[in-house]
Amino acid sequence: MLAPTAMKHVRLLVLTEDLPATSLALAATGHFHPDPRAPAEARLGTAPAHHYRHHHDRARQRLDKLAELLDLALAQHVDRPRVIEPESLAALDHWLGELWQTASTHAEGLRLLDDEARLVAEHQAALANFAALDIDLAVLRNNTRFLDIHVGMVPRENLARLGGALGLAHYLVHVYMQRGDQTHVVIVGPSDAAPESLPQVLAAAGFQALPIPIELDREPARVRQQLETRSADIAHRRAALERELADWGADHRAQLLAAQQTLLLAAPLVALDPALRASGPLAHLAGWVPAGGVDDLADQLRQTLSHPFDLSVRDPRPDERRLVPTVLTRNRLLAPFATLVGQYGIPEYGEVDPTPLFAVTFLLMFGSMFGDLGQGAVIALAAWLLRRRLGRFWPFGLLAGLSSMAFGVVFGSVFGNEHLIPALWMSPLTDPLRMLTLALLWGVGFITLACTLAIYNRVAVGRWRDAVLGHHGAVNLVFYLALVGAGVGLAENGALAPWPATIAGLALATLAWASWREQQGPVIERALVVFIATLETVIGYVSNTLSFLRVAAFGLNHVALAIAVYTLAGMLGEVGHLITLVLGNLFIIVLEGGIVMIQVMRLQYYEGFSRYFSGDGHAFAPLRLPRD
Amino acid sequence: MVDAAHAYLDARVSMMTRQLHDRHGLAQLAELTLPDLAQRLGLDTLLDPSQSLRSRSRAIEQALVHQLLAELQVLIRPLHGAERELILAWGRKYALYNLKTLLRGKLHAFEAETIAAQLFELPAPIRLPIRTLFRAEGVDELLRQLETGPYRQIARQAREVYARQREPFALEAAIDQHYYLDLAHHARAFGAPHGNALRRLIGAMLDRVDLLWLLRFRLCYGLSPSATFYWLVPSTGLLGRERLLHLVALEGLEAVLGTLPEPLAGRLAGSDDIAEVQRRVNAHSAATARASLAYADSAPARALAYLMLRETELLGLFAIVQGRLLGLAQHTIDAALEHVPSGCTWRAAVVDRSETD
């Protein structure tokens, strides 16, 4: 389960005209991860799917915009696979372009009607203002022999600059009303000196004229009525345009849904585009395939392609190791743990997939630090009830809760009460020293396992020197185990055990020698670096092991918190007692549960992953057809 | 004395300042050959023969802008509120360069790949919604899309201007004007202890922009005083609203230069063309930024001054690289770096040509 999926490199030569069918066949298997490297043959220089991708991308943009505008839900899965030829894709792109032209004209029409409605509202406000004034509005309506008059509105932010600019041409800008971000103005200047650039400046400032109707003086009610009629007419036209757009959308609905199918089926070839090279009618593509999927891939190509093709398969070369994708764990229960591993990085091809190990050790540590039958049940139940909201993470909560329940049985704790069920083993607070010793032993085991995996991973990728002398390599492991042996001797007998101490010293000397050989520079500098590196090795292993004391410490802390809650509850009456127990348990579940999870993640990432897991790989992402 | 809240930023700026080249250092770089430049600047792309000159030049420009914006991100990290917004408002010019590239691309119906190759990679706080904008099939649609995001003010104004005038000049002028108005607005909103230093710095920048726009609009494009004034942005420095109103009404280069306030008048006296004015006013603006970097009490002002100087330096480096890639003469590169008076390059070119003949 820990071993990585073996991969093969495949190279496929097909006729260019068969590329759409090839891409579909490769996507149907779900085994092909494209390799974008150019082939060695310089003649294979052209990108045969360039135009295909161009049409696809533009058609996709057009279809998405149409779907947004028409509120159309596009299916994200393929109903029936079929080959999409370049000609039909180009035709679809063209058709969608025409459709978008029509649709965007409708949309622009709606926006223009909105602008017109706003203008009418401004006009109504302006005329209401003028109607209340005791002036001859005819003066403002007509340019006179001496005066050039403009009534209208301008965005507030442009007013000061417009005032200055028109002032230079001896014009006055009079503000008579502010509405929102618009300022209503009367602009007056000398008729004989109106600059040629006046319309240009007014346009640049966003000036909109609001002419005063002739009848405003004599029949203001009629003018108001006219504006209201106009406003109603705009609303009517808007509703009609919306209906027209909806009807138009309904007429094209089926064709647009079919277009979505076409684009989904064209997507695999578009995804292959960076990996495709061609010379005349011959196209080349390469990729990575799980060893177990090669036969399936070949069968699928044989069934799909009408013309001959050439498929060559080989093992990845050592120099290609970093390019080979890693197939990640797909187990449903392990999926959330795989996501957490992915936060650190993807295992390099050949490295052990740490997900199963991470899941087991995570659950063991979480359960032992937060062991309680009742609280664990709450966590598991909450994860189950919220499974839709938690998505793929719900098994994580469920398993953590179950682990907590199992350790609750071991410790005999139900909602912090240690008298309801008998402990299968003992309560942590009964013998704290034993708990701390067990935590240390767990730490030694965890670090030893992590170092062993580090050695295995380096051997697997051919880094032999690192496997022996590198960080957390074989010599480090020997040193660590000897150090632990010497430490045990010191604890039990009060003196360092001679053999372990000697082995630890020799291993440390070997590490120092290796470090010395790696350094360059003056002797003093090298000596200083080697001394610090060696000291860091000793301190690092000791402190990392002691770091696992937190596993016991949180177990003890959990019991202590429960005792505190029960002590508080014991000081209150019946109702207070119950409320305190409920709130106290909630407090423990949320706060302590969260802290314990962070601490376990810290131990996993820092004490585990950082030792044996480079995280420099990239995930296997095969071509796929989206199916139900 | 910089306040304690900005001690970290102040130390950061001081450290970064060490990497700025002085005029002499840049002049030395301008004399290096292409391989030496590539080695000194760590730009291997310069020597990659598999790429065209255009793509190499583009890659270098991208790398230099990326460097500048990476430093901007480092400097805004300890900043909050209005100070952070001001620095981001300054950096937003690169988002507007992208916007203009998109607009030009849509106007000339370029392919998406061609447009994408010319866009700068921007950090998240100033990034445009490129994916959405790419979907637009014309300038109007693009600006409508932009109106739904944080650039709605600029987009609305630009769209209205474009809808009325249907010409790229008005569109780009509206975008530039809004950028500088936004900066001036930010600078004016500051009180003590950063207000004076920031207004001086932004003011020097706006003085430079206003003077050059004024001269170009009036003398080259023949715009009226009214139209010219409308496109200018009243500065927080020497060229405030009243001064600009006075200047736009003048006729001719000499009249404008003769009416400028000190110290601009002294610096620009004797300039006989707009290129020379540009060279000198750029030098004035850089001197103001250098003074702010050295003496300002405000760490945000020092950070902004550093970014302005760093940008000038990186543009200089790009000019050198570009000159070497295209095989331009040394005097042309020196002119691009504004190390020599504008007329010198043409005189040097004439001498070169006569020697060749």
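View 1. Over residues 497-516 of chain A the chain is 95% helix and 0% strand, and 28 Å separates the C-alpha atoms at its ends. Residues 548-569 of chain A likewise come out as 95% helix and 0% strand, with end C-alpha atoms 33 Å apart. Helices here are DSSP runs of H or I with at least four residues, strands are runs of E with at least two, and both are numbered from the N terminus. The unreviewed UniProt entry places the feature "transmembrane region" at several stretches of chain A, including 497-516 and 548-569. UniProt positions follow the numbering used here, feature names are shortened, and such annotations may be inferred rather than shown by experiment.

A quick note on what you are looking at: this is a predicted model, in which local features need pLDDT of at least 70 and side-chain atom pairs count only at pLDDT 80 or more, while totals for chains, interfaces and linings use all residues. Residues are numbered from 1 along each chain as its sequence is written, chains are lettered from A and ligands numbered from 1 in the order in which they are written, and side-chain values use heavy atoms, leaving out hydrogens and water.

**View 2. Where chain B meets chain A.** Each side brings its share to the contact (heavy atoms within 4.5 Å): 33 residues from chain B and 33 residues from chain A. The buried area is about 2700 Å², with carbon and sulfur atoms giving 47% of it; this is the accessible area (1.4 Å probe) that the two parts lose on being put together, summed over both. On the chain B side, Arg135(B), Arg144(B) and Tyr230(B) lose the most area to chain A, together 27% of what that side buries.

View 3. Look for Lys65(A) and Glu141(B), whose side chains form a salt bridge at 2.7 Å, N to O. The count between chain B and chain A is 5 salt bridges, each a side-chain nitrogen of Lys or Arg within 4 Å of a carboxyl oxygen of Asp or Glu. There are also 12 residue pairs in polar contact, both residues at pLDDT 80 or more. A polar contact is a pair of N or O atoms within 3.5 Å; within protein, one must be able to donate a hydrogen and the other to accept it, and residues adjacent in sequence count only if both atoms are side-chain atoms. Among the chain B elements that give two or more residues to this side are helix H9 (139-146) and helix H13 (225-231), while H10(B) gives the most, with 7 residues.

**View 4. An open sheet in chain A.** Here 4 strands line up in the order E4-E5-E3-E6 with antiparallel pairing. Strands E4 (172-179) and E6 (208-209) of chain A are the edges, each pairing on one side only. E3 (residues 147-155) and E5 (residues 182-190) of chain A are joined antiparallel over 9 bridges, where pairing requires that DSSP finds at least two bridges between the strands. Within this pair, His150(A) stands opposite Ile187(A) in E5(A).

**View 5. Two backbone details.** Most residues other than glycine have a negative phi, and most peptide bonds are trans. Asp71(A) has a positive phi, near 55°, and is found in the loop between helix H2 (50-70) and helix H3 (86-131) of chain A. The peptide bond from Glu262(B) to Pro263(B) is cis, with omega near 5°.
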